Amino acid sequence: MNPNLVLLRRGRKKKKRKKRKRKKRMRTTSFHSFPCPSISQRNVSALTPNTLAPLKYREKRTTLIRATMEATQNDENAPSQPQPQPQTLSKNAQKKLLKQKRYEAKKAEKKAQEKQQKKEDAERKRKEWEETLASVTEEERAKLIESRRSLRKERMEKRSEEKEKKLERLNKAMQCGHKIVIDLDFAHLMTPSEIQSLVQQIMYCYAVNGRCTSPCHLWLTGCEGEMGSQLKRLPGFDNWIIEKENRPYIEALQEQKENLVYLTADAETVLEELDPKKIYIVGGLVDRNRWKGITMKKAKEQGIQTAKLPIGNYLKMSSSQVLTVNQVMEILLKFIETKDWKVSFFQVIPQRKRPEADPEGFQEVEGEENEGKDDQLDNKKKCIEVPSQRKRPEANPEGCQEVEGEENVGKDDQLDRKKKCIEVPSHG
């Protein structure tokens, strides 16, 4: 090997080692062990080339770094006006905000279209009425106007009569009706759209209760905060004939705590009858199954009774047995009228939640497994495998039973796997 090349490599390696050591010393150099303390106390602007000339490269660099740090600290300690930083939203928050804006815009557009449609319909009806009046004689015109006035008067009288009966029923229910409480203490766990959905359900509950022939005594507890403000926006809410409480039900009904029954799908006790002395509580929560078991947990912590509707005894649900507030309310009102859980469930629960149920013929029969052994032997069938025979030219087509799904299988496999179902006679 060439000796000059070896020396050249050694020199390069030596230079690299020196360079690494120099970098390491520069990183570990402490500012407190400064070679020139007088220069370290000066400002950055005072470090001129004349003052830095006597120093070496490493000392110059360290001096500049320390002076810069001191100047930065002085600037930070100086009183300065805080500048407000704009809050940046995350991508998910921006998507939600954009989605909410699109929803509000679409809702406003739909509302404007409905308003315009109503206006056009009213204008069309008015023109048709004017054309009808213009095409008849004076006597017929007077008769038409009089008949229209009489129909409107009858309709108004009927409405006022129904309203009076409704108020009478609701006032009577306030005194001796079944008590149902809607618990509104879960507003802090819901989004604004979920709170709005719950407010709509409460409005449906009041409407159904007013139309019912045997209404209940309805309570709303926890009507405060965002929930209370949303409820007050409903038209005529202040005139509703119900009990409104800003306090939780456990405080408003403390004297009747032993009669409180929380209706929850997680309870073990099945509700068979509605006791007039009991106060049934329905959880006002729209959570899209985020807070599972929260009503059951709350009832246990407060030490009150729990129960669930007997849905499983009458129909099979395609999903969970959790229903909306207005559905539970309507089921209870239907049961008060009919005293029949099955009729109440099939009239209220939508078809999409009970696809396998038959309102007339569906009824679970318990104890089918305990039928007599004789009946089982009579209906019992035994499947016997027939040995495969590749060549059967004189096969009897009437004695064979083709099994569904075997048409697409090869002939050899079909003959090998074919089975004949022979009924075994009963031996009493």
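Q: How do the axes of helix H6 (residues 138-176) and H7 lie, that is, within what distance do they come and at what angle do they cross?
A: In this predicted model, the two axes come within 9 Å and cross at roughly 100 degrees.

Q: What makes H6 roughly perpendicular to H7?
A: Angles of 65 to 115 degrees count as roughly perpendicular, and the axes cross at roughly 100 degrees, which makes H6 roughly perpendicular to H7.

Q: Which residues of H6 and H7 meet, and how many are nonpolar, polar and charged?
A: From H6, Lys166, Arg169 and Leu170 meet Tyr206, Asn209, Gly210 and Arg211 of H7; by class, this contact holds two nonpolar, two polar and three charged residues.

Q: Why does the span of H11 agree with its number of residues?
A: With 1.5 Å a residue, the 14 residues of H11 should span 20 Å, and because its end C-alpha atoms are 20 Å apart, the two values agree.

Q: Why is H11 called mostly covered?
A: A residue is buried when its relative accessible area is under 20%, and 10 of the 14 residues of H11 are buried, among them Val328, Ile331 and Leu332. What covers the buried residues includes strand S1 (179-183), helix H7 (192-211) and helix H12 (341-348).

Q: What does H11 contribute to the largest nonpolar core, and which residues does Leu309 touch?
A: Among the 65 residues of this core, Leu309 is one of those that touch the most other members, while helix H11 (residues 325-338) supplies the largest share, eight residues. Leaving aside residues up to four places away in sequence, Leu309 touches Leu271, Val328, Ile331, Leu332, Trp341 and Phe345.

Key. Residues numbered from 1 in each chain as written. Predicted model: local features only at pLDDT ≥ 70, side-chain atom pairs only at ≥ 80, totals over all residues. Heavy atoms only, no water. Core = buried A, V, L, I, M, F, W, Y, C linked by side-chain atoms within 4.5 Å. Buried < 20%, exposed > 50% of the residue type's maximum accessible area, 1.4 Å probe, protein only. Helix = DSSP H or I, 4+ residues; strand = E, 2+ residues; numbered from the N terminus. Contact = heavy atoms within 4.5 Å. Expected span 1.5 Å × (residues − 1). Axes fitted to C-alpha atoms, helices over the stretch in contact; angles between N-to-C directions. Parallel < 35°, antiparallel > 145°, perpendicular 65-115°, else oblique. Nonpolar A, V, L, I, M, F, W, Y, C, P; charged D, E, K, R; others polar.
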